[in-house]
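Subject: Model handover

Hello,

Here is the model for your files. Please load it before you read on.

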Amino acid sequence: MSASPTTTEPLSQPPESGTGTAILRTVDLTKDFRGFTAVNSVNLEVADNTIHALVGPNGAGKTTLFNLLTGFLQPTSGQILLRGDDIAGKQPEQIAHMGVARSFQITSLFDEMTLVEHLELALASPTGLGYKFWSSRKRLGAFRERSMELLSEVGLADRSGQRAGSLAYGQKRALEIALALANNPSLLLLDEPTAGMGIEDVDRTIELVKKVSPGRAVVFVDHNMHVVGSLADSVTVLQSGEVLAEGTYDQVRNDERVITAYLGETGDTHE
Amino acid sequence: MSAQLTDTVRVETAASAAPERRLNPFVRAALLVVALLVVLALPWYIYPPVAMDILAWGLFAISVDLLLGFTGLLSFGHAAFWGMSAYTTGYIATQVGVPFPVAILGGTLAAMLIAIPTGYLAVRRTGIYFAMVTLAFAQMLYFIANQASDITGGENGLQGIPKTFFGIELVETDSFYFYYAALPIILLGAFIAWRTVSSPFGRVLLAIRDNPARARALGYDVERYKIMVFVISAGIAGLAGGVFSVSHGFASLQELVWTTSGKVVLMTVLGGIGTLWGGPLGAAVVVLLEDQLASSGFNGIGIITGAIFIIIVLLFRKGIWGTAADFIERIRSGMASRGRGDA
């Protein structure tokens, strides 16, 4: 078989400690869709060991920004610096191997697979085991124990053998987070982790993100100001693809431009 | 922890619905034995060259299922690999005079070789565009084969392909014995396909089929996986095409024409995709039907096979095998739950 690459991709780095250094920085990041500028000269800085929220009204460019950061879209111009290295132009799978993991806004799972199979697949990814078409899939069982640990961490251990398609909505979101956590990413990107959840699930998710955040940087998008207020060390407000304001949650929610643009109707209702 | 794991196993058997593990291991082993017995007995009941056709087309359909059922890629140009191997096998057999399995191996390698650039270009597209790129390649090969008549015999095809087999005359002259000599090649192809889908690689393929974006976010290089499975599939199609041309003693343009690509997709869907078993079943139905209709002097074979195809797709969305597997599993789990009730 000439087309059987057995070289393993570089393993995802364990989160580097050292607070204060920017793990992620974008420089004039711009994405243009045939004349519509979805992301316009965004300069974002995410310090290591912090939780950073991206907020903004629908169409502000939050998900586009996520897709740029993870290689699902290529920027029109600008840089994306991950620990100082420009990763603009890299493919999603390459960025995944650099210790960046993401969840999706719309639940994105393999409906036919069981939960434990999801985690096994995620854990096998950096090892190159996936290329072995001549060996038994039982070898994925080597990751079973770690898979079960991750499932316990998100409270899904008792459903490990269930197919993902049969899970309730909140459980699917929890599985998303477990998948993103699997390879111990140094940068965790969560696109609307609490979207569509009931209040109990929202609180559980907040606790979960708090629990898993030490030792890594987390960037998340959420519309729920309760979530943003409870989790975020710093907040970036986007509007029409541009950064409107930045700072701590309290700074941002007292910012007049933000109040007029976005927080006006919801800013004080969730406290 | 151990309590959780036992629980896992129980839930898994109850909830499993993915086609490749719909049946429990015992049922699968039993079916494998039955299938082997059927395959071994086939030329006793069916005219041996027709039995050989069923196996060759069946393996060809398995190669298509590997892409369609397990990776979500519809190749509409698989005749390219079947035909490429048919011609190359024939050429090696006539020119070099090696035993036919060696010639088939050469044909298979040729099929895999041309699958590399084809796959490389095709996997950049999905859905109907993937089908169009593969079709375009197959058509290109068809016209090349038509033009290069010095090698391929053009319209006449490559004739007089010998069944050279270590001087064993029975195999070389009697199609009944040839069937058994060629059978290991078919089984090898089926084994490679089974091994592939039940490997870690196969698991990744299912992930790609169901959610390519998620697979990429997990770090899987989706295009590379698709190229690899495309080449493996082409190799299996090559084994099948080689057996076919040696069995018939000639390779013709018919092997490369687009209707051949269509026919094998039809067989695969008819039998049930994502099952591996389905392809050979679909092949058996189509080949036997064609044989019956042809010997009764009926000319509109396409109308009949087309009509059957429509009926099966409308009534049994999962194909013959998919529907049968559901049925077997329902009976089995019904018996199992009754067994538990008694105990």
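The model is predicted.

**Chain A overall**

Chain A carries 9 helices and 11 strands. It has 271 residues, and 55% of them count as buried. Take the contacts in chain A between residues at least 6 apart in sequence: 67% of these join residues at least 24 apart.

The chain splits into domain 1 (20-99 + 186-206 + 213-265) and domain 2 (108-184). Their centres, taken over C-alpha atoms, are 26 Å apart. Domain 1 of chain A puts 13 residues into the contact, and domain 2 of chain A puts in 9 residues.

**The open sheet of chain A**

Six strands make up an open sheet, ordered E7-E8-E9-E4-E10-E11 (chain A). The pairing is mixed. Strand E7 (100-102) and E11 of chain A are the edge strands, and each pairs on one side only. From one strand to the next, the twist averages 20°.

Both senses show up around E10(A). Strand E4 (residues 51-55) of chain A pairs with E10(A) in the parallel sense, over 4 bridges. There, Val55(A) has Val237(A) of E10(A) as its bridge partner. On the other pairing, E10 (residues 234-239) and E11 (residues 242-247) of chain A run antiparallel over 5 bridges. Thr236(A) is bridged to Glu246(A) in E11(A). The hairpin of E10(A) and E11(A) has 2 residues between the strands, and Ser240(A) takes a positive phi near 45°.

A helix covers part of this ground. Helix H1 (residues 62-69) of chain A lies across E4, E7, strand E8 (187-191), strand E9 (217-221) and E10 of chain A. H1 of chain A runs at about 145° to E8(A).

**Other strand pairs in chain A**

Strand E1 (residues 22-33) and strand E5 (residues 77-82) of chain A pair in the antiparallel sense, over 5 bridges. Leu24(A) has Leu82(A) of E5(A) as its bridge partner. E5(A) also pairs with strand E6 (residues 85-86) of chain A, again antiparallel, over 2 bridges. Here the partner of Leu82(A) is Asp85(A) in E6(A). E5(A) and E6(A) form a hairpin with 2 residues between them, and Arg83(A) in the turn has a positive phi of about 50°.

**The nonpolar cores**

Which residues sit at the centre of the contacts in the largest nonpolar core? Of its 150 residues, Leu175(A), Phe220(A), Val228(A), Val235(A), Trp57(B) and Phe100(B) touch the most other members. Helix H12 (residues 222-248) of chain B gives the most to this core, with 16 residues. The core also draws at least three residues from each of domain 1 and domain 2 of chain A.

Trp57(B) is worth a look. Leaving out residues up to four places away in sequence, Trp57(B) touches Trp82(B), Phe244(B), Thr260(B), Lys263(B), Val264(B), Met267(B), Ala283(B) and Val287(B).

There is a second, separate core of 24 residues. Phe66(A), Leu68(A), Leu69(A) and Ile80(A) are among its members.

**Chain B: a helix pair**

Helix H5 (residues 100-122) and helix H6 (residues 127-147) of chain B have axes that come within 9 Å. They cross at roughly 145°. The crossing of H5(B) and H6(B) is right-handed. H5(B) makes the contact through Ile114(B), Pro117(B), Thr118(B), Leu121(B) and Ala122(B). H6(B) answers with Phe130(B), Val133(B), Thr134(B), Phe137(B) and Leu141(B).

Asp65(B) is found in helix H3 (residues 48-68) of chain B. Is Asp65(B) buried or exposed? Asp65(B) counts as buried because its relative accessibility is 0%, and the cut-off for buried is under 20%. Not counting residues up to four places away in sequence, Asp65(B) touches Phe70(B), Thr268(B), Gly272(B), Ile273(B), Gly274(B), Thr275(B) and Leu276(B).

Leu206(B) is one of the buried residues of H10(B). Helix H10 (residues 200-210) of chain B is mostly covered, with 9 of its 11 residues buried. The cover comes from both chains: it includes helix H3 (115-124) of chain A together with helix H9 (175-197), helix H11 (212-217) and H12 of chain B.

Best wishes

Key
Residues numbered from 1 in each chain as written. Chains lettered and ligands numbered in written order. Predicted model: local features only at pLDDT ≥ 70, side-chain atom pairs only at ≥ 80, totals over all residues. Heavy atoms only, no water. Core = buried A, V, L, I, M, F, W, Y, C linked by side-chain atoms within 4.5 Å. Buried < 20%, exposed > 50% of the residue type's maximum accessible area, 1.4 Å probe, protein only. Domains from an automatic or database assignment. Contact = heavy atoms within 4.5 Å. Pairing = 2+ DSSP bridges. Axes fitted to C-alpha atoms, helices over the stretch in contact; angles between N-to-C directions. Left-handed = near helix turned anticlockwise from the far one by under 90°.
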